[in-house]
Amino acid sequence: MWEELRPIGRDSSSGGYRRHAWTGADADCRAWFQAQAETRGLAYELDRNGNQWAWLGAATYEDVAPGDAVVTGSHLDSVPDGGAFDGPLGVVSSFAALDELRRRGAEFGKPLAIVNFGDEEGARFGLACVGSRLAAGALSTEAAHQLRDGDGITLPQAMERAGYDPEAIGPDPERLARIGAFVELHVEQGRALDLSGDPVGIASAIWPHGRWRFDFRGEANHAGTTRLEDRRDPMLTYAATVLAAREQARLAGALATFGKINVRPNGVNAIPSLVSGWLDARAAGQDTLDTVIDGIERAAAERAARDGVDLTVVRESFTPVVEFQHALRDELAAILAKAGERPVPVLGTGAGHDAGILSGTVPTAMLFVRNPTGVSHSPAETATEDDCVAGVTALADVLEGLACR
């Protein structure tokens, strides 16, 4: 399975992946998922939001009693030049775990589903977890229809071009009501497991996090003739804000990153008229995150006033702290402790996931697989084959405990 996925959406120059929502690479990943489902005799289903489902013990979600299904899976899309493991490891491991359970001769007492949630990374339209947000009602149909990519193409236009019906998208409460437990396996996006020496861990919580767009408006002018004293250069304000974000995050023990920028007119010999920078900020607690954002906005406003630049800040997305259901988390820990030689570590994460979005609607839990470099959202993201197998075994143990007689 890994070898079949490896070339899809891979950029030859960077070695990273560009599997963005509703593109050709995304379509190829979706075709791969459907083929894996059909090869295993699973009932394939596409929901109203473009999320893919593969059912064992049911033809569609309508055949499942409320709260009866055990679901696992993740996503197949990527950030720009992302790594091979973020998302796909969870989907590949789900199919592999089912294969392992069948090898064991496990008898399923509950329906099982494997899912691929669409547009988790938000690389194209700027909002993460679109597929799961729509299903959970955390993103309205109207707001989704307003999403645009960098070329001005709207989400409905992109879906139509890919052969999907954008008028069908929206909350899917009846489907989610069938889920009694959702377990997502994911490569760890950090080095906690590497430092502890464990191949697999259990998630405790997801930090609160969000994305903010800072628009700095100045005055376009000639770079070679305009005196420094006469300039209203928004790039200076942006640069000072980037440094302020780093300092605020350092002081608070949080994370703040300006990772995307748009400059107009974007000429090498022109002073910009507009610089838009996107801030990603995360912290272990809401109060800490609020303090960091307030500090960054205050620093940006003070510098903007000094530079003669106008500032607008818009919060584009936000996810509050997610505490995974303790009962399900403890059940996973008990299952894995029984199967292993020592307790499985429980750790928090600053990364957002579909499991976090669904946690307000259905019981969710997460497993992490060790990432020896700690690097993610990069071609350097990795996991060893032994650790990936350990993840599959752990997921199979969990699914057996949750879904089998």
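This is a predicted model: local features need pLDDT of at least 70, side-chain atom pairs count only at pLDDT 80 or more; totals for chains, interfaces and linings use all residues.

Two helix pairs come up below: H9 with H10, which are roughly antiparallel, and H2 with H3, which are roughly parallel. There are also three cavities of 30 Å³ or more to think about.

**Helices H9 and H10**

- Start with helix H9 (residues 234–252) and helix H10 (residues 286–307), whose axes come within 9 Å and cross at roughly 155°.
- Angles over 145 degrees count as roughly antiparallel, and that is why H9 and H10 get this label.
- The crossing of H9 past H10 is right-handed.
- On the H9 side, the contact is made by Leu236, Thr237, Ala240, Thr241, Ala244, Ala245, Gln248, Ala249 and Ala252.
- H10 answers with Thr288, Thr291, Val292, Gly295, Ile296, Ala299, Ala300, Arg303, Ala304 and Asp307.
- Sort the residues of this H9–H10 contact by class and you get eleven nonpolar, six polar and two charged.

**Helices H2 and H3**

- Now find helix H2 (residues 24–39) and H3, with axes that come within 11 Å and cross at roughly 10°.
- Angles under 35 degrees count as roughly parallel, so that is the word for H2 and H3.
- Trp32, Phe33, Gln36 and Ala37 are the H2 residues that meet Val91, Val92 and Phe95 of H3.
- The contact of H2 with H3 has six nonpolar residues, one polar and no charged.

**The cavities**

- The largest cavity holds about 60 Å³ of space.
- Its lining is made up of Trp22, Asn49, Gly118, Asp119, Val130, Gly131, Leu134, Leu155, Met159 and Ile169.
- Two elements give two or more residues to that lining, namely helix H4 (130–136) and helix H6 (155–161).
- H4 gives the most to the lining of the largest cavity, with three residues.
- By class, the lining of the largest cavity comes to six nonpolar, three polar and one charged.
- Next is the second largest cavity, with a volume of about 50 Å³.
- Around the second largest cavity you will find Trp2, Leu5, Arg6, Tyr17, Arg19, Ala84 and Pro88.
- The lining of the second largest cavity has five nonpolar residues and two charged ones, with no polar residues.

**The second largest pocket**

- The second largest pocket contains about 410 Å³ of space.
- It is lined by 22 residues, and those nearest its centre are Trp2, Arg6, Phe85, Leu89 and Cys388.
- In terms of class, the lining of the second largest pocket has 13 nonpolar, five polar and four charged residues.

**Two backbone details**

- Where does Pro265 lie? Look in the loop between strand E9 (255–264) and strand E10 (270–271).
- The peptide bond from Arg264 to Pro265 is cis, and its omega is near 0°.
- Asp81 sits in another loop, the one between strand E3 (69–75) and H3.
- What is phi of Asp81 near? The value is near 55°, which is positive, in a residue other than glycine.

Definitions and conventions
Residues are numbered from 1 along each chain as its sequence is written. Side-chain values use heavy atoms; hydrogens and water are left out. On a 1 Å grid over the protein atoms alone, a cavity is a set of points where a 1.4 Å probe fits but cannot get out, and a pocket is an open set with protein on both sides within 12 Å along at least five of seven lines; lining residues have an atom within 4 Å of a point. Grid points are joined across faces, edges and corners, and a volume is the space filled by probe spheres set on the points. Helices (H or I, at least four residues) and strands (E, at least two) are DSSP runs, numbered from the N terminus. Ala, Val, Leu, Ile, Met, Phe, Trp, Tyr, Cys and Pro count as nonpolar, Asp, Glu, Lys and Arg as charged, and the others, Gly among them, as polar. Axes are lines fitted to C-alpha atoms, for helices over the stretch in contact, and angles run from 0 to 180 degrees between N-to-C directions. Angles under 35 degrees count as roughly parallel, over 145 as roughly antiparallel, 65 to 115 as roughly perpendicular and the rest as oblique. A crossing is left-handed if the near helix is turned anticlockwise from the far one by less than a right angle, and right-handed if clockwise. Contact means heavy atoms within 4.5 Å.
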